[in-house]
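Here is a short note on the pocket and the salt bridges. Please read it with the model open.

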Amino acid sequence: MVELRNGTIRIDGTPTLLLGGEIHYFRLPRDTWQDRIDRLREAGGNCVASYVPWLCHQPEPGPIDLAGHTRPELDLWGFMDLCRDNGLHFFLRPGPFIMAEMKNEGIPYWVYERHPEIVPSGWDGTPCPTRTVDLLAPGFLSEARAWYRAVMAGAAPRSRAAGGNLVGIQLDNEIGMLSWVSNSPDLTDGMLRDFAGFLQARYGPAELARRHPALADGEAAFRRSILSPEDARAVPSWHDLAAFHRERYARYVATLRSWALEDGLAGVPFLVNVHGTGGGRATSFPIGISQLQAAYSQSPDLMAGSDLYLGNLDRNTFQDLYLANALLLASVPDGAPIGSVEFEAGSGDYGQTLGGYDDGATDRKLRMCAAQGNRFLNLYLFAGGYNRRMDRRTGDGSDRIAFTGGRHGFAAPVDPEGRPNRTFAKTARSLAALGAVADLLAEAEEEADPLVYGFLPDDFETECRYPGSLAAADFVRALERTRSGHGWETVVRSLLLAGFRFRARDLRRQPLRLGEDRVLLMPTARFMAPEIQEDLAAFLRGGGRALLFGELPLFDRDGAPCRILADALSVQPLDFRSAGPDFFPSVQPEGLASIRDEFRVGWAWTHQLPPTADALFRLYPDGAPCGFDVRAGQGRAVVLATDAIGQVALYRELAARLGIAPGLAHDHPDDGIWMTATRLPGGGRLLHLLNLDDSDKAFHVRLDGRRRFGGGRLILPARAGLLLPLDLPVRIRADSGGDIPEGPPDAVLVFSTAEFAARSGGLLAFRCRADTERIVLRTRCRVSLQGPGTLRREGDRVTVHARGRPDRDRIVRIRLA
């Protein structure tokens, strides 16, 4: 039985961290399956995941071969059973859409040929630029139902509830992604009729006539009004269309889930994967959240899993990954866990150009995701393979099952020929570090400072817009300037490097709570729903505090005037200035200790302030305020209505104005260290650290105002991470279930400057790399040391100085008895 409960994945009642690797059985000769499984086990994985390509298993109408009758590599059941025999969990991804660089995204050609009505149109009635379909078209559903019935017939008896190794199943893949990447509304005639019914149920007669007058003129007029909207109606029409697609995605997921349950697949969770990263960034990732939140929030056995493609994790991008995890966690129902079902792994040389990422990129990303509470991390792709030629000749230049050539996954940690590439060793080391504390990470919760990120999924309903509309373009530019521009990422990056940790809150689903949410952190745009503006104003009037970045809202989401928040702050927006080829707007700080010099900005919005407000930044030369500290009722807000400058001391000062300070700090003069801490239900903490720079760093750490690690320094190698225990209870006879054993622990591991290599009852193994690693325990037990170093006892305090080797791992073991 696999359950989603209290933010965890529980397998037979035990919280479990799934460390998976994607291995495409259908792309590998059957006699190589065991070798690739061995490689995953060697790397430290405990779960195999794979797509199941409908295109390959039923290339033409007729029998569906999932047992390898037509080709040996198509024996899905044999592959799952082999993974079971090797002690590995299995995660199934049967589509119907799977992408995976497959032709038609994995849908058989004959489905399109038999049901041409399922192919949608784009804007202005142009052909759809992708191979998407109407997911709820009866023709598509009838064929997909037969496909699911065949898959579930073999999957159900292999589920964990039935004694097998299947622990989860993904429903379709990246739903809505094709519409986003192609800027296409993806509408068929049947969907337009469905859309008309959706609108009639959503609005009363008067409002419906105002927003969609063409509905009264017949189907053809309504079709034209949606696919080629007038500029004045483009934005409201687009918002309604976005809401309609989200409701349909939820219906589609509910349909697939119901099929699986009808076919006997019970006792395992269903996962919806969320797309949105691209180009090595995750600024657009919340678009996927916005599209699919309703789909993965409708049942307690549904789980959200991210697709994370961020390349290197460095100073430029680490805040993207932190926000992607935080926003996904904010979007799920209370108590639901999150994971990453496509966690980019490997060299990144996707074009075979000898380019790519540094060897430790996967390691750093894994560590951050584990720290932020991901319970399933699936390395995609773990092992490469081959794209065979299809029996059908399509004339597309290759006739192969996928468009990447004969070899596939050549950037994976294990290449198509089974050879580990340059990233394998560091990936395995990362999985070993996580695996040594997997039982702790399976239910650890990241701590947070009294700072909450205000998330509005509404601001990301921008996956497609009518290209001929100036109003729609202006709306999107306004949103993107603040939600994903370099100014906002500079604010978030600076706060994280200053040591702040924060949770996000979906303001549509979880309104702000006075007392619990001390300081709100939020990007704001000139368009914002009236009810959200009112909630923010009430929060400030009641004593809440906020750090706001961007433009104060002047309109609602349809473009009607709405200034509730600006009026609550008693400020008057005056003039918007933006940089141009011959114009270089500059801002002068005022009254700030951390920054005194003028700096250039890309844009600024000046304001008239009430007498009680303090200007913090003024635009040259007229001195009009574009950043200020203003009171509203019993609360106050610091508003940055201009591009931001990256300076850690500035954001510590601004936070101090709002009454908060970071709980974590270090004393290294450089800023390139990210830190967080997770609290464990059984007591103790784990400290997570990443060095984002190319140089080693030595520094002291303060947590909760107290210097840790005995006052000594930590050594954090270049572009590496550490996962260190603090005040961790140790029990010689550990409980094997998911519950915390009763009674006091046998020892407390006060701290270690070395990571765990393994833990088993009274045996603690550490991976030592620094010249001298320090391990301190508090215990009355007998303690022995195995490995180079010294052990000294003073009462119940035991101090071990272990000698490591910077050039390679040295394992030192401590045994308690």
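1. Helices (H or I, at least four residues) and strands (E, at least two) are DSSP runs, numbered from the N terminus. This is a predicted model: local features need pLDDT of at least 70, side-chain atom pairs count only at pLDDT 80 or more, and totals for chains, interfaces and linings use all residues. Residues are numbered from 1 along each chain as its sequence is written, and side-chain values use heavy atoms, with hydrogens and water left out.

2. A pocket is an open set of points on a 1 Å grid over the protein atoms alone, where a 1.4 Å probe fits, with protein on both sides within 12 Å along at least five of seven lines; lining residues have an atom within 4 Å of a point. The largest share of the lining of the largest pocket comes from α12, with five residues. In total 37 residues line this pocket, and L329, E445, E446, R503 and A504 lie nearest its centre.

3. A salt bridge is a side-chain nitrogen of Lys or Arg within 4 Å of a carboxyl oxygen of Asp or Glu. The count comes to 73. R202 pairs with D240, with the closest N and O atoms 3.9 Å apart. R202 lies in helix α7 and D240 in helix α10, so the pair ties together parts 38 residues apart in sequence.

4. Burial is set by relative accessible area: buried is under 20%, exposed over 50%, partly exposed in between (1.4 Å probe, protein chains only). R202 is partly exposed at 44%, whereas D240 is buried at 1%.

5. E489 and R493 form a salt bridge at 3.2 Å, N to O. Both are buried.
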